[in-house]
Amino acid sequence: MKLLYFFFAITLFIFQGCATNDAAAHLNSPQVDTQITSSEKFSESITDDQEPETQIEEFEEEFSFEETKSVSDPFSGYNSAMTSFNDLFITYLLNPVSEGYAAVLPEPFRIGISNAFDNIQFPVRFANNLLQLKFKNSSDELQRFLVNSTIGLGGLMDPAKEYMHIPAHKEDFGQTLGHYGVGSGFHIVLPFIGPSNIRDVVGLTADAYASPLVYTEGLEEYKIPDHPDHSIAILSGEMINKTSLHLGEYESLKEDAIQFYQFLRDTYEQKRDSDIAE
């Protein structure tokens, strides 16, 4: 049972990267046309009141890649079926709950909560920047954490970026493994999460140990939750809050994709390659 709890906690933990990991790269010709259409449609559909400028920039960056890649996919049948399951979960549960949540809580509060969650995850980014010997990035992350945790009211605000122009450097252990030449392995779609690969599954498990939000037996004194149920509740809240800030994006991607599973698979793998190359 504890193993099941831990797996579910990891599942929720890594879902936070799902939106950006789903979106990503570049495909063959028909799909390239699809992603360009989706990006343009997204840009037209949003206003300054709906999305922070930084989120728009991140989304457009994820759709700007120019290279293609052959993806190892020996479990394509399972992956396609799991993509359909995740689609039902997002369409009929996650999105409706997130829409209701967004209707109750104004966007500035939801952005503040998102900032706080991001600030708490500092150990993951700091450790992985160090492991990749990116000392300047590690220093930036440390400064951001100290400034935002104090002046930024516990991370609810981001004065480190807004006033001190200290950039964030998102790194995870999957990127660290890729940085040192570990291959991605075959593609795998995870329940509730979406596209991943063997390297990233290993990396996400390691990151869960470093995250203060994921309960780990024996490390309770370093973690915020002191029970697996608490970890699941916290990460579910983070998932809903994050989705509420990206309403409509998933539908925009799905609407114009000719082969939705292949679209998500290829964009994910290309995005991860780009993240590792940075």
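Me: Which residues do ring pairs link into a cluster?

Reply: Ring pairs join Phe85, Phe89 and Phe192 into a cluster. Rings of Phe, Tyr and Trp (its six-membered ring) pair if their centres lie within 6.5 Å. The model is predicted: local features need pLDDT of at least 70, side-chain atom pairs pLDDT 80 or more, while totals for chains, interfaces and linings use all residues. Residues are numbered from 1 along each chain as its sequence is written, and side-chain values use heavy atoms, without hydrogens or water.

Me: How many aromatic pairs does the structure hold, and how do I read one?

Reply: Take the distance of the centres and the angle of the planes. Planes under 30 degrees apart are stacked, over 60 edge-to-face, the rest tilted. The structure holds six aromatic pairs. Phe89 and Phe192 have centres 4.9 Å apart and planes at 80°, so they are edge-to-face. Phe89 sits in helix H5 and Phe192 in the loop between strands S1 and S2, so the pair ties parts 103 residues apart in sequence. Helices (H or I, at least four residues) and strands (E, at least two) are DSSP runs, numbered from the N terminus.

Me: Is Phe89 buried or exposed?

Reply: Buried means under 20% relative accessible area, exposed over 50%, partly exposed in between (1.4 Å probe, protein chains only). Phe89 is buried at 14%. Phe192 is partly exposed at 25%.
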